[in-house]
Amino acid sequence: MPYTMIPSFLLYCYINGITPGPANLCSLSAALRYGRKPALRQWRGLFTGFFLVSMAAVLITYLLGTVLNQYVGILSWIGAAYIMWLAWHTLRSAGAEADDEVAQPSFKTGLLVQLTNVKIIVFCLTALSSFVLPYTHSFWTLLVVGLFLPFTGPIANLVWLFAGASLQKLFANYRRTIDIVMASLLALCAVSLVWH
């Protein structure tokens, strides 16, 4: 990647990392509902899942290159369906107390969210195929960029997590409303994936 592309690449990473998506909204929701410590357990799973997706994207991009672009649309529809399921699950648990049947955040839930998060799958594949492949097919360059990517989205997840932890007491009385808003935002994410 030429040095002149680095600002565009970093802006792409920032915008994709900080905008609402399944992992950011799950981080915010977990922190609002359960507090910082359980949300951080989930975040470790989010980070690990992002790392695994990023490494898989490096291998896939290296092996398949630009052929991937034709499948991004299919991935978007699959991801939109999954995000709608997350929205439904969030809406269904709206207003439920922390000790109800709603599962507590854990490493496993964070890992599963990221491994099925089409937003980051498309993000990683696009970052590698748009910012690296046009300039080099070097596995090592792809790997370096792939190792950087997990420090973009998961850091943004922490911003959402700590915002939720700081606002936890303020919104304790508005749990149902918050869950409805979270579900609506997830549904908006799903629609934006498939409606260009």
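**Aromatic rings up close**

Guide: Tryptophan 43 and phenylalanine 47 sit 4 residues apart in helix α3, so about one helical turn separates them. Helices here are DSSP runs of H or I with at least four residues, numbered from the N terminus. This is a predicted model, where local features need pLDDT of at least 70 and side-chain atom pairs count only at pLDDT 80 or more, while totals for chains, interfaces and linings use all residues. Residues are numbered from 1 along each chain as its sequence is written, and side-chain values use heavy atoms, leaving out hydrogens and water.

Tryptophan 43 is buried, with a relative accessible area of 16%, whereas phenylalanine 47 is partly exposed at 22%. Buried means under 20% relative accessible area, exposed over 50%, and partly exposed in between, using a 1.4 Å probe and protein chains only.

Now for ring pairs: rings of Phe, Tyr and Trp (its six-membered ring) pair if their centres lie within 6.5 Å; planes under 30 degrees apart count as stacked, over 60 as edge-to-face and the rest as tilted. By this rule there are 9 aromatic pairs. In one of them, the rings of phenylalanine 9 and phenylalanine 148 have centres 5.9 Å apart and planes at 45°, so this pair is tilted. It links distant parts of the chain, joining helix α1 (residues 6–18) with helix α7 (residues 139–148) across 139 residues. Tryptophan 43 and phenylalanine 47 also form a tilted pair, 5.7 Å centre to centre with 35° between the planes.

Finally, ring pairs link Phe9, Tyr12, Phe50, Phe123, Phe131 and Phe148 into a cluster.

Key: Helix = DSSP H or I, 4+ residues; strand = E, 2+ residues; numbered from the N terminus.
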